[in-house]
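Visitor: I would like to learn how to read a model like this one. Please take me through it feature by feature.

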Amino acid sequence: MSPLVEIRNLSKVYTRGRQKIEVLHHVNLDIARGDFLALMGPSGSGKTTLLNLIGGLDSPTEGTLSVGGERIDRLGQSALARWRASNVGFVFQFYNLLPMLSATKNVELPLLLTKLPAAKRRSHAGVALELVGLADRAAHKPGELSGGQQQRVAIARAIVSDPTLLVCDEPTGDLDRQSAVEVLTLLQRLNRDHGKTVVMVTHDPKAAEYATHTLHLDKGTLVEGVVAAEAAAQAGS
Amino acid sequence: MKYFNLIWAALFRRKTRTLFTLLSVMAAFLLFGLLNSVREAFTSAGHSIEGASRMLTISKVSFTMELPQSLDMRIQSVPGVAAVTYANWFGGIYQDPKNFFANEAVAANFFDVYSDLELPPAERRAFVATRTGAVVGASLARRFHWKIGDKIPLQATIFPQKDGSNTWTFDLVGIYHVTNSREKQQEDAFFFNWKYFDEARQFGNGKVGWYIEKVAQPKDADRVAQAIDALSANSDHETKTQSEAAFQAAFASQLADIGLIVGSIMGAVFFTLVLLTGNTMAQAVRERIPELAILKTIGFSNRSILVLVLAESVLLLALGGAIGLGLADLAVSVIRAQGIPIPMLPVGLAIWLEGFGLMAFIGLLVGVLPARRGMRLRIVDALAGR
Amino acid sequence: MLRKIGTTLAIIAAAILPVIALVWLPAWAILVAIAVLGVWLALTRTGRQAWSATAVGIATIPQRLGSSSVVIVGIAGVVGVLIALLAMAEGFRATLHETGSDDTVIVLRAGSQAEINSVVDSDTIHVVAEQPQVMRDAGGKQIASPEIVVDASIPKKGSTLDANVEIRGVGEQVWELHPRLRIIAGRRFSPGLRELIVGNKAAREFAHTSIGSKLQLNGEPWTVVGEFDSGDAHDSELWADTNVVATTYHRGSSTSSVTVRLTSPQAFDAFKAAIKSNPQLKLDVQTTRTYYNAQSEGLTQVIRLLGTTVAVIMAIGAVFGALNTMYAAIATRTREIATLRAIGFRGVPVVVSVLIETLLLAILGGAVGAGIAWALFDNYTASTLGANFSQVVFEFRVTPALLAAGLKWALAIGFLGGLFPALRAARMPVTDGLREL
């Protein structure tokens, strides 16, 4: 089966003032459908940048990036926005939810971009919230939820329009141990039982254990054949 | 539309700040409503449908000079004149000079020409039949608690009676109403019989203050006006005939350039409002950059972010502005119901439309820069907190 | 619960009382209060703490230029509009106030209120002029001027609309009644001829009023031969020989009024008593000061009411704008305030510092507003209808009293806008603030 994500010779260069910083160097990578990939590396290794590119939040400077057979490196900003709406769900470390909307309304947000009527939007959101186990908190605002619960609502929002790809950037970085376990278990379940392909950036080796594969990045390139334990020792940042 | 929930929630994210800003917007549009109500009272006098077919003939020398009553017949015979009536400014005082209201001695057919002053036929007949009869507007009657049958004395300032006394006493026989809300200020007047006036006045008998003509065809107005003035050309009582609207406009412009005053005040008010709401919107968007970034990750296009912020800005202005104008409307009704004699017209459609136009304009103006900022944010930088 | 109500009431009282004080206290008292504050800031320990907290706050203003300008511009708007409108009222009042004096008396027909409504016949004129209280000139003639007031319709300069201008026929003694009057161009009118002199303000506003112009008055041609300056409302009038005006307007031997000069202001009571006790005369007797003052009362009060009402509504808007700004200001300075309080600054210095900061912004706004009002409106010419239904031209007067009033309003608004944020800053839990670090 063809991989969901095909990356060839991918590079990203940032220009800060006069300086050019090459964050990713000629990365080559395939991500299979139904995979749960953990991306690890020290800070500055380019893992978040790679994640952003895979999720279509940014465009590469060089190379090709194809997701689900579509060359997203060739899409402009508005086309990328449309692509994201139907193909990717995001979970971030901070700021996931709009504080003035209830959990249901937060989860409904991606559906506002569709033509679904209000009743259908509400029911889809309800299904997503049930999936993450927070149906009883549907009317609560983020301020009334714990960190772990907020992340689960964010995950509900990420899956509500049924995307193939879930992109998570340090989803447990701000959570206590128990909430982290809940979130990771949920991601795992989505991956195993519902076939979602998950790409997760993390610095926590315990989190990486929930993934099916782990890759390491260092200074913008994928590090081949480094033992996970060693990488964990180096990634104490 | 479906985004309304999102826009409303965004607006009330910081309840106190939004509330304070709304109160400032309300104050601005309260002033807008009140001041324009006064301005309209000045500038739109005489612009009624009835007024469009009426003209005033005054002395060309000065509007305080009188005209002979004999002109009445001659004006009637001018082609195009449907009806003629006449009046004299009396300028009487009721109890205290501060209780100012218009009082005039008018011909018997006055209410035919001024049919917008609605007087029941029975009271009209009583007016003509009673020598000392007087007819007042409903607002004036409410102000001084007059009822039909009351005897009302006025102190003359210009016209003493033949016996030298300044006191003229009248019997209230009728109360008229004005249904057109834009002409409501006409309800503050007092009319009595010219016949009684002319018989009893000490001097100037047989003289009339001004004539009012009703033209059969408003489009003939200019021609008829010239014909009327031609009657008195080269006499000792040369006349000037003009439309009611033109006369009122000339008078109002002598009182004050009310348009300039109101315009200047509102200019200052809206300038400060733009600054205030612009600041609020800028702050609001600045705080929400990460949230706008999340919306973009979900797939909201740049343009939709722009529209969301602009809509929020316009909603802020529209909400505060509508409440402010509503308060102005209420205030004007209360002031007029109490009979407080400030010239004000009810806040009408024109003012509401102009108000909404301003709300939209200011909303867009103060929203543009924050909206562009939100639209142009780079997702990656915004989420990283840069 | 009761305690909460009590505290709320106390805070509201703390807000209202100083505002009332500001409105009622004279300017010098406020300056004294400011001086006392300055001494307290410099000399007491709490005061010095307050000043250092204020300095910290002021140093951050450049970062908050946008929101600080909301306070400044908002208050500038209120003060500017208030002063402009009050200057209009003051200008009109002053013009009429200066028109009269305490030793000249105007006599009108009883009940007429204004000269345009009044008629006095020649017998009456004689009786009035013959009173012993009337001053005589060097040649022994009574200083009495029988005067006729009529309106004429003339277009204003640069307009097609007619406006009413006042024509005043004056007696030959009128020059003794107006010692301040000077002919600034041309010459006096010659008695017996159809000649006019024009007040300098009327000359500015009306067409056909330059020297040599011809005006049609009641069908007769008149010539303008001079321009005068009397420094009062008469500058809006056109003057001529009363006998010629009487002929042109068919007045016979009657005039509108008689104005006389008394031997002294104290002679007024006797003069009035003499006139009033004469059963054949039905006249109103007032000093010209009283007469002209009364004319300005109505309009002046209306404009002052309008100005105050508009300013109050604008001030409400400005207070809420200031509240927003200052709440935001202290929110961004949570760290600094918490640190200060952790170090040991008590509530009072923090409250005072926030208040001072707001008041400084307010004073700046007030000064800007007052400055703009003064620059744009002092001596701005306007005209309105006077008591004789003719144009009275006057200038706006931005007086020091008005400027002081404007600054007081600015302080009041600043106080209201700063008090509640100040109290909030003082009550902020220290740990919340330090957590921001």
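Visitor: How far apart do the C-alpha centres of domain 1 of chain C and domain 2 of chain C lie?

Guide: Ground rules come before the number. This is a predicted model, in which local features need pLDDT of at least 70, side-chain atom pairs count only at pLDDT 80 or more, and totals for chains, interfaces and linings use all residues. Residues are numbered from 1 along each chain as its sequence is written, while chains are lettered from A and ligands numbered from 1 in the order in which they are written. Domain bounds come from an automatic or database domain assignment. For chain C, that assignment gives domain 1 (28-97 + 296-435) and domain 2 (104-263). Their C-alpha centres lie 48 Å apart.

Visitor: How many residues does each domain of chain C put into the contact?

Guide: Two residues are in contact if their C-beta atoms, placed from the backbone, lie within 7 Å. Here ten residues come from domain 1 of chain C and 16 residues from domain 2 of chain C.

Visitor: Which element gives the most to the domain 1 side?

Guide: Helices (H or I, at least four residues) and strands (E, at least two) are DSSP runs, numbered from the N terminus. On the side of domain 1 of chain C that touches domain 2 of chain C, α4 (65-97) and β12 (391-395) each supply at least two residues. β12(C) gives the most, with three residues.

Visitor: What is that side made of, by class?

Guide: Ala, Val, Leu, Ile, Met, Phe, Trp, Tyr, Cys and Pro count as nonpolar, Asp, Glu, Lys and Arg as charged, and the others, Gly among them, as polar. The side of domain 1 of chain C that touches domain 2 of chain C has five nonpolar, five polar and no charged residues.

Visitor: Where are the domains of chain B, and what separates their centres?

Guide: The assignment gives domain 1 (4-44 + 257-383) and domain 2 (61-237) of chain B. Over C-alpha atoms, 47 Å separate the two centres. Nine residues of domain 1 of chain B are in contact with nine residues of domain 2 of chain B.

Visitor: Now the chains. How many residues meet between chain B and chain C?

Guide: The contact takes 39 residues from chain B and 41 residues from chain C. On the chain B side, α2 (15-43), α9 (244-255) and α10 (258-287) each supply at least two residues. α10(B) gives the most, with eleven residues. By class, that side of chain B has 20 nonpolar, 16 polar and three charged residues.

Visitor: And what does chain A bring to chain B?

Guide: Chain A brings 23 residues to the contact, and chain B brings 20 residues. Helix α2 (residues 77-87) of chain A holds the largest share of the chain A side, six residues. That side has 15 nonpolar, four polar and four charged residues.

Visitor: How do I read strand pairing in chain A?

Guide: Two strands pair if DSSP finds at least two bridges between them. β1 (residues 5-16) and β2 (residues 19-31) of chain A pair in the antiparallel sense over nine bridges. One of the links joins A:Val13 to its bridge partner A:Glu22 in β2(A). These two strands form a hairpin with two residues between them, and A:Gly17 in the turn has a positive phi of about 70°. β1(A) also runs antiparallel to β4 (residues 62-67) of chain A, joined by five bridges. There, A:Glu6 has A:Ser66 as its bridge partner.
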